[in-house]
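Dear colleague,

Please find below the structure that I am handing over to you. My findings follow it, and I would be grateful if you could read them alongside the coordinates.

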Amino acid sequence: MKDTSSTRMLLTGNHAVAWGARLSRPNFMACYPITPQTPILEKLMDFQMKGELDAEILTPESEHSAMAACVSASMAGVRVFTATSCQGLLLMHEKLHYAAGLRAPIVMFNVNRTVAAPWGFWPDQTDSVSQRDTGWIQLYSESGQESLDTVIQAFKIAERVSTPVLISHDAFYISHALEPVEVPAQATVDQYLPPYEPELFLDTERGESVGNVVSPEMFCQHRKDMGQAMQLAIAATQESDAEWERLVGRGYGVIETYRCDDAELVIVTMGSMCGTVRHAVDEMRASGRPVGLLKVRLFRPLPSAALRDALAGVPDVLVLDRNFSPGTGGVLHQELKSTLFGMPEAPRVHGYLAGVGGVNMSPGKIEELADRVCQAEPSIQSVWAG
Amino acid sequence: MLRSGHAACPGCVLALSLRHILNTLGPETMAVAAPSCAALICGAQPCSSMKIPVYQTTLESSAAAASGLRRALDTKGKQDTTVVVIAGDGGTYDIGFQALSSAVERNEDMIYFCFDNEGYMNTGGQKSSATPLYASTGSTPAGKLSKKKNLTEIMAAHEIPYAATASAAHLADLVRKVEKAKGIRGTRIITVLIPCLPGWGLPDDEAIATARLAVDTGVFPLYEVEEGQRYTLNQTTRTRPVKDYLMTQKRYRHLSAEDRDEIQLMVDRNWTRLAERSATS
């Protein structure tokens, strides 16, 4: 159904994120400025200054300290949000493991930007995909609207499975581009997202401690519990998304298939590239080529069953990775091959490094790649598209 | 407030100091512990040796984590809960220094306790920037060639509401300082000198005597600084030469008479500066 109480605003992707955070009523945030994340921080400060956001906002000397403060605040039992990008996310790396290990349901927004050296300010997802082993749920957004909706959904997911959530959208293509965004009414969000009231938190009445030393057996059990929570996160994401869709009429799934019926080639990608591929798919369909798009929205945990179902019977898959793992290639390419391994009549998976470092990938270029791969055996390694 | 069965080395005065600090702070207290001897004394989760909640963070982040905890408690209306940091000198002078400086600059409402045993003693005894000149450690076997960083003066330069040094050999003074700190809002820091029995090369029953010698010789003067301006030296005189302190510790066994004289001169200079500041403020 359509949400009639929402307000349509012209927002950048980053301001849409700030709106999503504001509507989720976080109690605490800690943020450090970094391009291209800063409009998120500034907008939240603006909301707070005007009395529209009732949250403590800490601005410490580094992203590392920001995440350190987020984790301890979360342990005190309050709702926590933060945002960062590239170098900042990498500086937090140690604390990302810490947050996940302590099962802190923090929601963080990351603006995907090239990782130095050399310096760049361009869209590239290596910063966040390289954090895939830290124990954070990871979602990728294609638009400002989706980013706003996903922030709100992420608190529901994080708090349900006691696991932090990282949402990413691409630098500039999404972060700084203006688009009309439906901003839901506060009452709508309040109905969807009740206040965070955890069972366990640091409390002088109980005197219990957290983060201290454990035995090898306790540590191992702890990791098993984290793994179990990750598996539950797939259903939690699906259900949180479906519930949001029932309220406001917008849902995204854990993956999305676009014009994949009878497709002989499915292009798999994440983030803003999905929009470009959508356009290319429309063009190719118009000229009679049976091509579809599979958008990976939930990257961690990787929704393997959904991916296998969606790609069953598809002869060829083209993965477009806007990231690069030297010595491996495209991360999504490797992940997808691993997920499809052993599947009867698995699709041929062609991996291309497309748009790494912010290099432009036009719909025309994507069409060329699509035509090329259908006539070739896939290479084991990812291939540079540009 | 510190239960028996904790994991301190026999004879360690960190446990003694911690017990007096916790008893003074009372039960409406939460601690953020950096990995350190103090954190190990706290022990395992969820039931630590301390009767208050202890959140152990990573080595470099205790002041940041305490800031987050403080602000979160504020949002819950728990302004009366005292947030303290318990950290070692490595987690304070070295890797945690950036976060500490930032928290002090923001004047976060917390009491930061640095248990200064002048090195990374929990990892087997390596030098930190709190290790004094010429002291031998696992990573400075021939003696450290640079001086100890002056944490209290650096904190004073931040115009921190309250900075003090304290000693396990002067427990009444320690308790008074904890009480005073508890009555002040903003960031407060108390550095407690903890002679490390294995790290400094001391017999198990010599920690208190060594801590007392550090004060009596002026190596570790007891003093307070309020708002970075008002200095109070808590002792009127020095009663012993520095060599009395140096000669009892294995970490200084390799020192020549000239080395000891050089350290005496350094201590004299520091004492004179402190005495002047105390007299004029």
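A residue is called buried here when its relative accessible area is under 20%, and exposed when that area is over 50%. Please bear in mind throughout that this is a predicted model.

On that definition, Ser147(A) counts as buried, because its relative accessibility is 0%, which falls under the 20% limit. Ser147(A) belongs to helix H7 of chain A, a helix that covers residues 144-161. Apart from neighbours within four places in sequence, the residues in contact with Ser147(A) are Val17(A), Phe109(A), Ser141(A), His169(A) and Ile174(A).

Helix H2 of chain B, residues 37-42, contains Ile41(B). When residues up to four places away in sequence are not counted, Ile41(B) touches a set of residues that includes Leu2(B), His6(B), Ala7(B) and Ala8(B). Leu14(B), Ala15(B), Leu18(B) and Ser49(B) also belong to that set.

I turn next to the interface. In it, 37 residues of chain A are in contact with 37 residues of chain B. The two chains bury about 2,900 Å² between them, and 57% of this area lies on carbon and sulfur atoms. On the side of chain A, Thr204(A), Ser209(A) and Asn212(A) lose the most area to chain B, and together they account for 20% of what that side buries.

How many salt bridges does the rule find across the interface of chain A and chain B? There is 1. A salt bridge joins the side chains of Glu56(A) and Arg71(B), with an N to O distance of 3.1 Å. Polar contacts between chain A and chain B amount to 21 residue pairs, both residues of each pair being at pLDDT 80 or more.

Among the elements of chain A, strand S3 (56-58), helix H3 (63-75) and helix H5 (93-101) each supply at least two residues to the side that touches chain B. Helix H3(A) gives the most, with 8 residues. Sorted by class, this side of chain A comprises 19 nonpolar, 12 polar and 6 charged residues.

With kind regards

Conventions:
Residues numbered from 1 in each chain as written. Chains lettered and ligands numbered in written order. Predicted model: local features only at pLDDT ≥ 70, side-chain atom pairs only at ≥ 80, totals over all residues. Heavy atoms only, no water. Helix = DSSP H or I, 4+ residues; strand = E, 2+ residues; numbered from the N terminus. Contact = heavy atoms within 4.5 Å. Buried < 20%, exposed > 50% of the residue type's maximum accessible area, 1.4 Å probe, protein only. Buried area = accessible area lost by both parts, 1.4 Å probe. Salt bridge = Lys/Arg side-chain N within 4 Å of Asp/Glu carboxyl O. Polar contact = N/O pair within 3.5 Å; in protein donor to acceptor, adjacent residues only side chain to side chain. Nonpolar A, V, L, I, M, F, W, Y, C, P; charged D, E, K, R; others polar.
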